[in-house]
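Subject: Handover of a structure and summary of findings

Dear colleague,

Please find below the structure that I am handing over to you. A short account of the findings comes after it.

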Amino acid sequence: MAQATHKKPSAAKTNSIALARTAAQSHFRTLRLGTPFQPRLDALARTQDWYNWAGYRAPHSLWDEELEYFAIRSQAGLFDISPMTKYRIEGPDAEAFLDRVTLRDVTKLKPGRVHYTAWCDDEGFVLDDGTLFRLSSTHLRLCSQERHLPWLLDSAIGFEVTIEEETEAVAGLALQGPTSFAVLRDAGFAGVDKLKVFDLAEFPHDGGTVTISRTGFTGDLGYELFVPAEKALSLWDRLMTAGELRGIRAIGYTALNRARLEAGLIVANADFTTAEHAIRADRLRMPDEIGLGFMIDLAKGHFNGRRAIVEARAKRKLRYVLVGLEIEGNIPAEHAIVYHKKHQEVGLVSAAIWSPMAKRNIAIASLARPYGDTMVEDLWVEIYAMRELQYQKLMKRAKVVARPFIKLDRRTANPPADF
Amino acid sequence: MTSFDAIIIGGGHNGLVAAATLAKAGRKVLVLEAAAEVGGAARTEDFAPGFRVSSIAHVLNRLHTDVIKTLELEKHGLQLARSDFMPSVALSTDGPPLVLHGAYGEVLTGSTPSEQAAWKELRAQLLRYAGVLKPFLSRRPPDLGGMSLKETAALGQTALALKKLGKEDMRDFLRVLLMNVADLLDEQLADTRLKGLLAFDATLGSHLGPRSPTSLLGLYYRLAGETGGAAGAQMLPKGGMGAVIAAIRAAAEKAGVTIRTATPVARIIVEKGRAVGVTLDSGEVLRAKAIVSAINPATTILDLVGPREVDTGFVRKVKNIRMKGDAAKLHLALDRPPQFTGVDAADHKGRLVVAPSPDHVERAFNPSKYGEFSPEPVMEITLPSLAGPSLAPAGACVLSAVVQYAPYALKEGWGTGKPKFLKAIMAQLETYAPGIGKSVLHAELLTPADIEANYRMPGGHWHHGELQADQMLMSRPVSGWSGYETPVEGLFLAGAGSHPGGGVSGAPGLNAAKRIIAMKG
C-alpha cells in the first residue's frame, strides 16, 4: 500500500515531463518567433519582407522603405525593438557589478538615466555594445545585440546581484521622429515633456506601467518604451490612435538603419565583429578600434579588460580605427574596399548610404592604422556599381569626417518641440 | 614601521624557499603564516602523546637540486645520504614481497630473472623519458604569447634532448607520453606485484586510476624528481619532514627573512590594478612592492584578492581548477613495531605499498568516481620512527600512510564515512601485518575534508590542483598565467598550484622568486 502511494506521484511526474517534452517537440516548426506586437505587424506587412533578429521575425520593411525612412525624419516612426536582448540586473551590488563588467562609470549613472556603453573580455576585445537603463539604485536593465547570460552570471561571482534575461517578458517600441513627443503627449503620458535626452520615467498604462526613455537609434527626437509583454498590444494601439493625425507609421529595419547611419551610430556584428562571434584572430576589436574609446574610464575601479586596454594603449598595439567617410558622388559605397593612393588596401566600408538629410554620400569604415588615424589624406573607395549586368568600377575619393553626419537640434531641445 | 620589498603569504616550504631566494638577492622579505608553525603540509607534528609524524608529506623524493644549492640547505642541517635511500616494497599476501632497492629499483629482488631484465629495461626507458621532461621543472613554463630568446633557446634544448633519444626512442616517447600506465606496464612486464606498485605510484595523489588516460604522466613526474643526485630516489628525512622545513627556515632566517606565524592574511590590497599590500585578520595593514602568495591559487584570487579586482575570464579559469583531493592520511601510534608478513627488518624502513595489481588499484579507484571510498584501499605505508627514534617513545612505533581513494566530496559525508573508511583501512593492514590492530594506541585519519580544514588546502588536495596533463606546464595554475605573475600587477603565485606542481620540491617557490628577481619586482 505504502509502495502504491509512493508510485502515484512519481508516475504523475513522469507523465508531466512527457507532456512537457511533447509540447516542446514542435519548437522547430516555428523558425522565427513572433514578438508581442506580431498581430499588428502582420496586419501592416504589405511587403512581407522579414529578416531574423536574434531569432525573432522582424520586418526589413512593412510598406515602403523610402517612405518609412521619411516617417522617421518628418513624422514619427514606430519600430518594434522587442527582439533586443534585455537583462534584468537587480541587487545591492547591481551598480558595482555593472561597473566591473562595462566600460563606463556606472556610479555616475543616476536612477532615471540611461547610458550607451560597451563591455569587453579579459583581452580588452569588445563583447558587445548596448544601453544601460538605471530604473532605480538597485535595479538596472542592460540591452544588447547578442546574448550574454553565461558571461554575466560568471561576472556576478562575488557580487550580491541577480541577473535574469527578460527579452521575452518585456516588449519594446522605439517611437522616433519630430512628432514623437506630441504623439506621446496626445496619448496621455502626462509629464513626458519633462524627459531630457537619456532620461527615463515610468508612466501608467493599462493598469500597469510603461517605462519611457528619451533615447533612440536615429539621432532624432525620439523615445523608447518598455512594457510587460501582455500589455504590448494595448500600448501599440494607444500610440497608433494618438498618432494618427501626427503621421505615425510602423517601420522596418531598413529605414532605421539609414537613420542610425546618419546619426553615426554603429551596429554590433555589422560594423564590428563581437569577440565571441569572431573566428579569425584579426577580427577582434578593442573599444579604441571602433570609436568607443570615449567610454573607457580609467579613473574608476577595476573593469573587465582594463589591464589589456591600458597595455594596448601604452604599447601602441591598437591596430584599427573606425571612421566616418564622406565619399564623392552619390553612389553608396556599401562594403567597398578603402585604398590609400588608389592601390594599397587599408580597410573596408561596413555601412554606406546617400544621406537625404546630410545631402552627402556617407559611410562608416574600419581602417588599419595609421590610415584613418594619423594618415587621412589620399583615401579612395572602390565602388562596384551594377549597370545592367555589368559592374562599373568607380574609384571615388573619400574624406574622413566627424560623426554624427547630421545633428538635429530637435533631438536635444527642451522642452521637446510640438510638431 | 619597517617596510618590506616582498611579503610572502604562506610559510609552507614553497613560501619559505621563495622568501629565502628573494632575501639572498637582497630583498627585504616578510613571511606571513596563518598557523602557529611554518611548514604547511610538510610539518612534523604531535598526533598522540609522545608520538610525532610528518603530517601530510612524509617521503622526500623531489627536493630540487637548485633549491638545495641556492639555499645551501646542507649547511643548514639537511642530510641526504645515499644510505638513507629507502626501498619500495610491494607487499604480497602469497609469498615474499617484491622489492625495488636503491634509487627507484636499481636492483629488483623477489622476482624472476626474466622480470628483472624486463624491469631493468623499462626503468632505463622511464628515466630517459622523464629526463626529457625534467628540465621543464626548473624553469618557468614557455610563454606562448611572447617567448624571449632565452626561452626559445631552452625549448630548443628540449627539442635537442628529444632528438638525442634517437629516432626509435623519440617516436616511442611521443607514443607513450599520454598513455595510461596500465597499458604500458602490460606491454613490458609480467609480474602483477611490480605492475601494481608502479600503477600505484603513477596515480598517487591524483584523481586517476591506472587505466585513466594520461596516468603514465604521474610516473614521469615522480621520476623527474631526484634525491642526492639519483633520479627516483626517496628517503624519510631524519626527524620527519619538519627537519627539511627547519633547514629551509634556517636558510631563510640567515638570509634575513622575517617570519611571523599565527598571522593570517584577510585581504590582498589592490589599488589601480596593482597589489600594494595585505590586510591581516587583526586589521593591521602591511605594504610591499611585491606580494607573493605561496598558498592556494584559488584562495589567493577568489578570497584574498576577490573577483572584483580581476577579469571575468580569469575568475572562470581559476574556479575551474580541479582540486578535489582523493587521498587520505593515516597516522597510527603503535605500542610496538608492526611485522609485515615476509618483510625483513631493513625493508620495514622502506616504503611498504599495498597495491597487489593494477586491477586492484583500478578497482579501488572506481568507487571514488561516484563519491564513495575504496572498500579495499591501496596505500603507501612508512614506519618513520624506525629510522628516527625521536618520533615515538622507546619501543613504540609510528605508522604513517597515504591511503587512496578517499574522495573529497564523499556522498554520505565524512562525518559518518570516516569511521567506516578507517575500518576498511585497518582490515587491509591486518591482512598484511597480522596483529597490528591490537597494537594501536591511537589512530588519526585525515580525510581530504580534514586536510582542507587543517592545512588550508581547498578540496584537501596536496598539489593545490590536480596534477594532470591539462593542469600542467603552461596550464598551471591556469592557461595564460603560468609564469608566476597574475593579472594583478605586483602579485605573484609561488605555491604548489603553480608550475611545476606539488610534492616537497621547492621548485614553484624558487621559480617564482627567480621570476620576480628577473622582473626587478
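This is a predicted model: local features need pLDDT of at least 70, side-chain atom pairs count only at pLDDT 80 or more; totals for chains, interfaces and linings use all residues.

Residues are numbered from 1 along each chain as its sequence is written, and chains are lettered from A and ligands numbered from 1 in the order in which they are written.

Chain B contains 16 helices and 19 strands (DSSP runs numbered from the N terminus, helices being H or I with at least four residues and strands E with at least two). Its radius of gyration, 22 Å, is close to the 24 Å that the globule rule gives for 521 residues, so chain B is as compact as a globular protein of that length (the radius is taken over C-alpha atoms, and the rule is 2.2 Å times the number of residues to the power 0.38). The C-alpha trace of chain B spans about 65 × 60 × 45 Å along its principal axes. Of the 521 residues in chain B, 56% are buried, meaning that 20 or more other C-beta atoms, placed from the backbone, lie within 10 Å of the residue's own.

The domain assignment, which is automatic or from a database, divides chain B into domain 1 (4-42 + 63-78 + 239-322 + 460-518) and domain 2 (117-231). Their C-alpha centres lie 27 Å apart. In chain B, 22 residues of domain 1 are in contact with 20 residues of domain 2 (C-beta atoms, placed from the backbone, within 7 Å). On the domain 1 side, helix H2 (65-71) and helix H16 (507-518) of chain B each supply at least two residues, and the largest share, three residues, comes from H16(B).

Between the chains, 12 residues of chain B are in contact with 13 residues of chain A.

In chain A, an open sheet of six strands has mixed pairing and the order E10-E11-E12-E9-E3-E13 (strands pair if DSSP finds at least two bridges between them). Strand E10 (200-205) and strand E13 (248-250) of chain A are the edge strands, each pairing on one side only. Strand E3 (residues 76-80) and strand E9 (residues 170-176) of chain A run antiparallel and are joined by four bridges; Asp80(A) stands opposite Leu173(A) in E9(A).

Key: A residue is buried if 20 or more other C-beta atoms lie within 10 Å of its own, exposed if 12 or fewer, and partly exposed in between; C-beta atoms are placed from the backbone. Two residues are in contact if their C-beta atoms, placed from the backbone, lie within 7 Å.
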